[in-house]
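User: I would like to go through this model with you and ask what lies behind the terms used for it.

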Amino acid sequence: MSGETPHDRRDVDGRADVEIDAEDDGGLEAEEVEARVGLSYTLVQLRRDPTALAGLAIISVSTAVAIVASIDALLLDYWLTQTFWYHPELGPHADTNLPPYGVSNQYYDASRSTLAHPLGTDFRGRDVAVRLFYGTRIAITVGFTSTVIGLVGGTLTGAVAGYYGGWIDDVLMRGAEILYAIPFLILVIVIVSVLDPQRQNALLVAMVGVGIASMPTFARLIRSRVFSVREEEYVEAAKAAGVKDRWIILRHVIPNSFAPVLVQATLQIGLAILIIAGLSFLGFGAQPPQASWGQMLNKARPLLIPNPWFSIFPGLCILFTVVGFNLLGDGLRDAADPRIQN
Amino acid sequence: MGLFRYATRRLLQAIPVLLGIATITFFLSNAVPGDPIDIMLGPSPAQEQKAAIRAKYGLDRPLWLRYITYLGDVSPIWLSTVDGFPYVAPEFGVDLGRSIHFGAPVTEKIKERLPVTMLLMGSAFTFALVTAVPLGVISAYRRNQPTDHVSRVVALVGVSTPSFWIGLELIIVFSFYLGWLPSNSLVMPWNLPPAADQAGLLSVEFWRIAASHQVPVLQHLILPTISLGTLQMAAITRIERSAMLEQLSQDYVQLARAYGVRDRKILRKHAFRPAQLPVITIVGLNLTTAFGGAVLTETVFSINGMGTLILTGVLNIDYPLIMGTTLVFGLIFVLGVILTDISYAYVDPRVSYGDQEA
Amino acid sequence: MSTHETILEVEDLKTQFFTEEGVVRAVDGIDFDVRRGEIVGLVGESGAGKSVAVQSILRLVEEPGAIVGGEIRYKDDLLFGLKASADDPQERTEREEMLSRTEMRTQIRGREIAIIFQDPMESLNPVYTVGSQIEEFIALNREVPGDQAREIAMDTLRDVGIPEVESRYDDYPHQFSGGMRQRVLIAMALACEPDLIVADEPTTALDVTVEAQILNLVDDLQARYDTSLVWVTHDMGVVAEICDRVNVMYLGEIVEQAPADDLFHDTKHPYTSKLLASLPRPDRTVGELDSIGGVMPEAINPPSGCRFHSRCPEAREVCAEVHPDERPSAEAGSHHTVACFRDDAFDVGYWDSPPIETEASGGFAASLTAEEGESG
């Protein structure tokens, strides 16, 4: 668990680069430098990649839905959905446990289903479709927020550790390793139960928890970039000219590492959505009556056999959204790193 | 030899990390606002009773003293004061305390649950590696051909699907609609039916029973394995593919081609071995993701493993149980990473020989 | 120079890469041959198509690249050759006598023609021992029993000057320096006993003293093993040191071809002159050192007429309009060919054509070499 471990950064999807830490071994550093291509170049490359654009489209749709839902919830007090649709959290809108339109099985005949509730109603008689729509809001919000927390915290930690080196680096990086060694999900469960035993703000805590847990990933990424940037001439020059350290980090180091961080952040949003769905499923994330996909899956479990549709739709929503982020992340990575272009 | 020294060094480096994990879990658990004694004894316990139990679990002592004692308890070797006398004696063995919820030693619960989780994880990683490695290699070799497209879509969906949801859907399809496979708990391969004991270890009958016992073991294992292993499978497929692609463009692979080595051998030998380095790394690091997945999978399939144990601990604010299980998870992770580092060093001579030059 | 039989003959070879930006004509109709026991140089700036040319010989060019035309003969085998298709005269198919992929692999690669790559640091597999890598190729390309492969490998390693071969045999590549690794790669090529070794800029990545050692070694070993060599380089100094005959490449074409001595003393093509002038020499100061003006144009859209005209100090209007083919020089005789209208072998009215402005005009050193060209 020291700097000599032969891996430096973990990617959510497994496409981790293997690199021996820059400070211990210059070995693969040349490739590192080669891979560091500017952000604008990355974005131009991206325009040619249809799969990445598909990812971007999925993200745009999800984000648009999330924004509409947020405006409705926060500013309009559910006026929009209540007027044109149903209230996502309060019910009942119809009989409980209605099947989706046209669906039947040995427990439910199709005559019960209705076009008014195309995806059926849940155990409280709430419309499933409107709850799925609102679930997007929670997924996108937690995904982005937790990633921003991880990104900002991790970037600062990594930049400071990499820039100053020495004992500051040692302490911060050992801390990151310890944080790393405690399983992600378990760490967040413990944090949630410690900070919010009544689960009043469990979702918020989970979001922050996932953010904190993702900090080491960003910290390691930035740190290894800093090691290579630190030696660059213009940084030396800035230092010689008496520019403050803080300014150098903000002005030179961080912008220089933007492309790989963007890749990691995009993938991290997808991962965060998955993890928070898992936490909500276990009861440590979104709480009833909030409309979250993980929470809906939690409630679907006791009714798994008679009402299989309860579990199918939220899962597909998660899959669809996360695929969007992974597609864009892959596209960004390929664009940023010409070596592994397809 | 280089490899042995490397392994020793890595093991020693793990000690401070484990110490850190122990510290974090201790302070996190003790920051839990709820009072476990209240949970244990119900709404209005008698004060004396409460105090007695506090004393029994050592909760009446100051935090720092409890921390020191805790460290001593969890370390295999420690120096402790004997009965408050000012001399110290070595203390051996690991003591994770007594679970408040179960009223039993935490080590006992862990001994009971750990093999279950290890079986599940081992099975999931075996499934992941056995499917992902060939898939990634073929995908890279047939780059941008239909096989590659299919395997990439599978991998993409795999990394984007919540593992617990896969579990739920598998139960619906295979346990309910098809009725092929059981949907709850695991059967341990070594928990043989009583008839086996009666037959005796040396009898043919014993081995017949033991062998037929493995059928329900496998049946129970299949769905949880797919549920937990899919994410790993997808992740490994992706990294295997990109690592193989990178290797296939290397000069030394081109050189092998220029010297008349067959494509198949290039794939199997020249490109394959160096391409396993990132795969080894990801398997080690993905252990943590898999632990999280294990909590979810065990919940979905009602398996009594470490994951459900830690959930029990958290839900009942059972400090010793939370601390013990987290510590064991951390320990396994650290050991797993060291093991992968050693395999890495075994594959890549540049690591074990230390004198890096390349 | 040499009167030996010709073992490799390349005729009108064309290799192209089909990229998103367009078709890159990396090698665009080159002819050259290699005789037994001789070292043939292939010289040019980076991007001239030298590496692609030698990879084409072994048919190692991969997607999105492909050999699209020409003929490559090695001894009695046809390594590459097309013929017009029977049903569609526009389409050309591989000739029947052309070696199949399997035949290329089992009969030619390593066995008859071995290759040495540019970067010794990247050419050895980091996870296998040096000895085992050589052994594998010997076992594959020579009919020898297993235990003898090890002995051959050790002997060859000794030949190329690896010290303490017994103890270093089972070391890994990272334990060798760059120069030592290049020696290993040379040993690898020699140990397979091919009749032709293609060396693709094998000393470019090495520092000058090591380069000199390697060149001496190659000169030495070539005489002893009687192997022919194609030596790819951008360095005229290296050419002078070891090559018997030289082919000068510019933008996918060979512009001048001559025995090494003739090339240096009776330079015909302005590009060759420029390459020679860019060599540091003890009798000239750095100030006099001449670089070639401009950069090589893209091979996707090569300039019209003579491809070098955009950078040629001697360019005249005709050079931009007509494309010179390669012809035996009128004055120097049949063994010296050149593709420049300034030679009397051409009759396109170069001397009456008005000079044009190019990137290179105005270079003071350029006029110097031009004088030589005219008087010679």
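**Core, contact and loop**

Analyst: Within the largest nonpolar core, which has 278 residues, the members that touch the most others are Ile186(A), Val188(A), Ala206(A), Ile273(A), Ile276(A) and Val230(C). This is a predicted model, in which local features need pLDDT of at least 70 and side-chain atom pairs count only at pLDDT 80 or more, while totals for chains, interfaces and linings use all residues. Residues are numbered from 1 along each chain as its sequence is written, and chains are lettered from A in the order in which they are written.

User: What makes a set of residues a nonpolar core?

Analyst: The members are buried Ala, Val, Leu, Ile, Met, Phe, Trp, Tyr and Cys residues joined through C-beta atoms within 7 Å.

User: Why is this core said to lie between domain 1 and domain 2 of chain B?

Analyst: Domain 1 (2-88) and domain 2 (113-316) of chain B both give residues to the core, so it lies between them; the bounds come from an automatic or database domain assignment.

User: Which residues does Val188(A) touch?

Analyst: Leaving aside residues up to four places away in sequence, Val188(A) touches Ala206(A), Gly209(A), Val210(A), Ala213(A) and Leu279(A), where contact requires C-beta atoms, placed from the backbone, within 7 Å.

User: Why is Ser111(A) called exposed?

Analyst: Ser111(A) has 7 other C-beta atoms within 10 Å, and a residue is exposed at 12 or fewer, buried at 20 or more and partly exposed in between, so Ser111(A) counts as exposed. Ser111(A) sits in the loop between α4 (79-84) and α5 (128-164) of chain A, helices here being DSSP runs (H or I) of at least four residues.

Definitions and conventions
Helices (H or I, at least four residues) and strands (E, at least two) are DSSP runs, numbered from the N terminus. Two residues are in contact if their C-beta atoms, placed from the backbone, lie within 7 Å.
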